[in-house]
Amino acid sequence: MEEKQRARLFELADLILAVGRHVNAAKEVNAESGTPLEGAVMRYVDRHPGTTVSAAADATQMISSNVSRAVRGLEKKGLLRRDADQHDARRVRLYPTPKAAENLERLRDTWARLLDGTVTDAGEVDTLIAALQNIETRLVAQSRGATRQP
């Protein structure tokens, strides 16, 4: 990789982290939050209700024992529930609770207010969303390819 590209990619990552710090700080005011680990697990469960601990661990690139600890914390806070799988009682499925839905709605409001006016063109918002989704998808695929190679 050439130096110019290396510097641009560093700048991109640095800006993503800087924006993330602002966004993360804003959630502390109006939404119940926990550890970064709990946030990553809750984000995955919100998007994939009925998932398993192992699927959440794979998707968040964390070890199952850490995800299990996060699940216990989220369950204790009333944000997540565990149900036995209907087809295999040995497997547990994870679901967000109504309290989690309320919390997510507060988070949506908080983050929308935070970002309101920072990007005013709807097309630009859609472009940014698509670009960041693409980056996330490629990073996940890249990490899965790296972990499955001998």
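Tutor: Residues are numbered from 1 along each chain as its sequence is written. In this predicted model local features need pLDDT of at least 70 and side-chain atom pairs count only at pLDDT 80 or more, while totals for chains, interfaces and linings use all residues, and side-chain values use heavy atoms, with hydrogens and water left out.

Student: Is Glu38, which meets Lys77 in a salt bridge, buried or exposed?

Tutor: A salt bridge here is a side-chain nitrogen of Lys or Arg within 4 Å of a carboxyl oxygen of Asp or Glu, and the side chains of Glu38 and Lys77 meet at 2.6 Å, N to O. The pair links distant parts of the chain, 39 residues apart, with Glu38 in helix 2 (residues 36-47) and Lys77 in the loop between helix 4 and strand 1 (80-84); helices (H or I, at least four residues) and strands (E, at least two) are DSSP runs, numbered from the N terminus. Buried means under 20% relative accessible area, exposed over 50% and partly exposed in between (1.4 Å probe, protein chains only). Because its relative accessible area is 9%, Glu38 is buried.

Student: What separates Arg108 and Glu105 along helix 5?

Tutor: Arg108 forms a salt bridge with Glu105, the closest N and O atoms being 3.5 Å apart. Arg108 is partly exposed at 49% relative accessibility, and Glu105 is partly exposed at 39%. Because they lie three residues apart in helix 5 (residues 98-115), Arg108 and Glu105 are separated by about one helical turn.
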